[in-house]
Amino acid sequence: MREPMAVELDHSFTTERALDDSYATILDLERVVPCVEGATALERTGPDGVRAEIKVKMGAMSMTFTGTLDITEQDPAAHRVVMTVKSREAGGQGHANATIAFQLKDGGGDIHTSAQITGKAASMGEGVVIGVLDALVKDFAGKLGRL
C-alpha cells in the first residue's frame with residue numbers, strides 16, 4: 001500500500017468581528033462545518049465534536065468522505081483552537097485525516113492545516129491534492145471571516 005500523502009497548508013483570514021466573538025464562532029461546529037465547500041455537519045457526537053460529510057471533486061473524480069471533527073485543544077486566553085478530522089472515503093479504502101490549528105488575533109487569524117491522505121485521492125498526485133485542499137481552505141477562510 002502506498003504511503004499516506006502529507007500536506008501542510010497555511011492561510012489567513014480577516015474579519016470585522018471582535019476577537020472573543022471570533023473565538024466563540026470557531027467553537028460552533030454546526031456553523032463552521034458548512035463554511036467548507038461540500039461539507040455538512042450530520043450530527044453532534046459530544047460537546048466538542050460532530051460527525052460530518054464532505055463531497056470533494058478531484059480532477060474527474062468525485063469522492064465523499066464521512067468522519068468526525070473534534071475540537072482537541074481550546075485556549076481561550078491565547079485565542080487558539082485545534083481540531084482533528086478523521087474521515088474515510090465512502091466505498092473506498094482511502095482516508096483523509098487532518099489537524100487544523102486556528103490562531104486568532106484582532107481583525108482575523110491564521111489557519112494551519114496538516115493533512116494525511118490515502119487511497120484514490122492520494123493517487124491523483126500531490127499537485128492535484130494540494131490544489132484542491134488549498135482551494136477548499138482558502139474558500140473556507142473567506143467564508144469564516146464573514147460568519
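Predicted model: local features only at pLDDT ≥ 70, side-chain atom pairs only at ≥ 80, totals over all residues.
**Entry 1: β5 and β6**
I began with strand β5, which covers residues 80-89, and strand β6, which covers residues 95-105. The two run antiparallel, and 9 bridges join them. Then I looked at the turn. β5 and β6 make a hairpin with 5 residues between them, and Gly91 in that turn has a positive phi of about 70°.

**Entry 2: β6 and β7**
Next I asked myself how many bridges join β6 to strand β7. I found 10, and these two strands also run antiparallel, with β7 spanning residues 108-117. The pair I noted here is Thr99 with its bridge partner Ser114 in β7. This hairpin has 2 residues between the strands, and Gly107 takes a positive phi near 85°.

**Entry 3: Val81**
I went back to β5 to look at Val81, which lies in that strand. Is Val81 buried or exposed? Its relative accessibility is 0%, so Val81 counts as buried, the cut-off for buried being under 20%.

I then listed what Val81 touches, leaving out residues up to four places away in sequence. Its contacts include Ile100, Ala101 and Phe102, and I also wrote down Tyr23, Ile26, Leu27, Ile71 and Glu73.

Last, I checked a distance. Val81 and Asp139 are 58 residues apart along the chain, and their C-alpha atoms are separated by 19 Å.

**A reminder to myself**
In a regular strand, side chains alternate between the two faces of the sheet.

Technical notes: Residues numbered from 1 in each chain as written. Heavy atoms only, no water. Pairing = 2+ DSSP bridges. Helix = DSSP H or I, 4+ residues; strand = E, 2+ residues; numbered from the N terminus. Buried < 20%, exposed > 50% of the residue type's maximum accessible area, 1.4 Å probe, protein only. Contact = heavy atoms within 4.5 Å.
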